[in-house]
Amino acid sequence: MKSICYEICDVCNLDCDYCISSDNLNSGKEEYHKINEFIKRLVPERIVIGGGEPFLDLELLFKLKLLRESLPNSFISLSSNGTLYYNLKELRNYVDCIDISLPSLNHEIYKKMRGVDKVEEVINNISRVSESDFYTRVSCMLTSQNLKTIPELLDYLKSVSVDEVRLGRFFPFREARKLNEKYKLTDIELANFMKSFSLRDYPFKVVPPISSLDLMEKGYLVVNYAGEVFFPTREGRMTLGTVHNLDLVDTLTLEEEQEKIFVGMSTKESVAHKMKTIGEKT
């Protein structure tokens, strides 16, 4: 399997009105050992750790350690809102990439989208991560609220040694469907932005938005902290089962759609694989 998203916890320190994972609330919790066993059976090439905010999970290191031991060759990417200080050295053996979301440098727009103004904290943490040994990605969701400020943000990121910038278009799925009128972009608006964007030169890899929400509904497999397994949909989610009663996911049908979703995104060598290679050379 190409990729799986593991929504590892439900706690968060922001109040984003478009948060897609807020539909996880009151789902209960499953033992992470059992979730780990399910993910291990899927053998994903890439695991995206999401939340909530992972850095607020008190059991984060235990969960990551277990994942790395179970799947030493998988590329593990941790997605954070970037507002919190965390000892990055503790993650070095477990995580390959840290992905920080930043919708705008404009304090007013950031607060409008995320509930509080944490721009300075995010900027500081992007610098900390980029100076570390992690593959550093910044994710920018394109919406009608922040589109005009994205060029300024990308120009700023030129001055920081990030490896990749992922541009994601707002799609009305899961809980975010309630905010469609507030955040949606027309195809023309997006096309005009991407046309002007293509004329600019950046030192980092840029991953463009996927073309359709249909791809998410067919290929973005999610497992949450409650052990629920599902695809996101316009209406919310299409539940496949739980880590207990879902014995097999047909990875053959997922492969083609996942290739379209994650095309261009890094799946460079995992930490464990790099360490093994170094050991063999010495």
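Q: Contact means heavy atoms within 4.5 Å, so leaving aside neighbours within four places in sequence, which residues is Leu91 in contact with?
A: This is a predicted model, in which local features need pLDDT of at least 70 and side-chain atom pairs count only at pLDDT 80 or more, while totals for chains, interfaces and linings use all residues. Residues are numbered from 1 along each chain as its sequence is written, and side-chain values use heavy atoms, with hydrogens and water left out. With that said, Leu91 is in contact with Phe55, Leu61, Leu64, Tyr86, Ile98 and Phe134, once its neighbours within four places in sequence are set aside.

Q: And which residues touch the most other members of the largest nonpolar core?
A: Leu91 is one of them, together with Tyr6, Ile47, Ile49 and Val95, in a core of 69 residues. A nonpolar core here is a set of buried Ala, Val, Leu, Ile, Met, Phe, Trp, Tyr and Cys residues joined through side-chain atoms within 4.5 Å. Buried means under 20% relative accessible area, exposed means over 50%, and partly exposed lies in between, with a 1.4 Å probe and protein chains only.

Q: Zooming out, how many helices and strands does the protein chain have?
A: The protein chain has ten helices and ten strands, where helices (H or I, at least four residues) and strands (E, at least two) are DSSP runs numbered from the N terminus. Buried residues make up 52% of the 282 residues, and among contacts between residues at least 6 apart in sequence, 77% join residues at least 24 apart.

Q: What does β3 pair with on either count, β2 or β4?
A: Both of them, taking two strands to pair if DSSP finds at least two bridges between them. Four bridges join β2 to β3 in parallel, with Ile49 having Leu78 of β3 as its bridge partner. Strand β4 (residues 97–101) also pairs with β3 in the parallel sense over four bridges, and there Ser79 has Asp99 of β4 as its partner.

Q: Which hand does the β2, α2 and β3 unit have?
A: β2, α2 and β3 make a right-handed β-α-β unit. A crossover is right-handed if, with the strands pointing away from the viewer, the path from the first strand over the helix to the second runs clockwise.

Q: What peptide bond joins Gly51 and Gly52?
A: A cis one, with omega about 5°, and Gly52 is found in the loop between β2 and α2. Most peptide bonds are trans, and most residues other than glycine have a negative phi.

Q: What phi does Val43 have, then?
A: Val43 has a positive phi of about 50° although it is not a glycine. Val43 lies in the loop between α1 and β2 and counts as exposed at 51% relative accessibility.

Q: Switching to α1 itself, which of its residues are buried?
A: In helix α1 (residues 32–42) the buried residues are Tyr32, Ile35, Asn36, Phe38, Ile39 and Leu42. Seen down the axis of α1, they fall within an arc of 160°, so they line one face of the helix; the arc is that of the directions from the helix axis to the C-beta atoms.

Q: What covers those buried residues of α1?
A: The cover includes β1 (3–7), β2 (46–50), α2 (60–70), β8 (222–224) and β9 (228–233). Arg41 is also found in α1, but Arg41 is partly exposed, with a relative accessible area of 48%.

Q: Last topic: what joins β5 and β6, and how does the chain cross between them?
A: Six bridges join strand β5 (residues 135–142) to β6, and the two run parallel, with Val138 opposite Val165 in β6. The chain crosses from β5 through helix α5 (residues 150–157) to β6 in a right-handed β-α-β crossover.

Q: And where is Leu147, and what does it touch?
A: Leu147 lies in the loop between β5 and α5 and counts as buried at 14% relative accessibility. Not counting residues up to four places away in sequence, Leu147 touches Leu142, Leu185, Glu189 and Phe193. Leu147 and Phe193 are 46 residues apart in sequence and 8.0 Å apart in space, C-alpha to C-alpha.

Terms used: Contact = heavy atoms within 4.5 Å.
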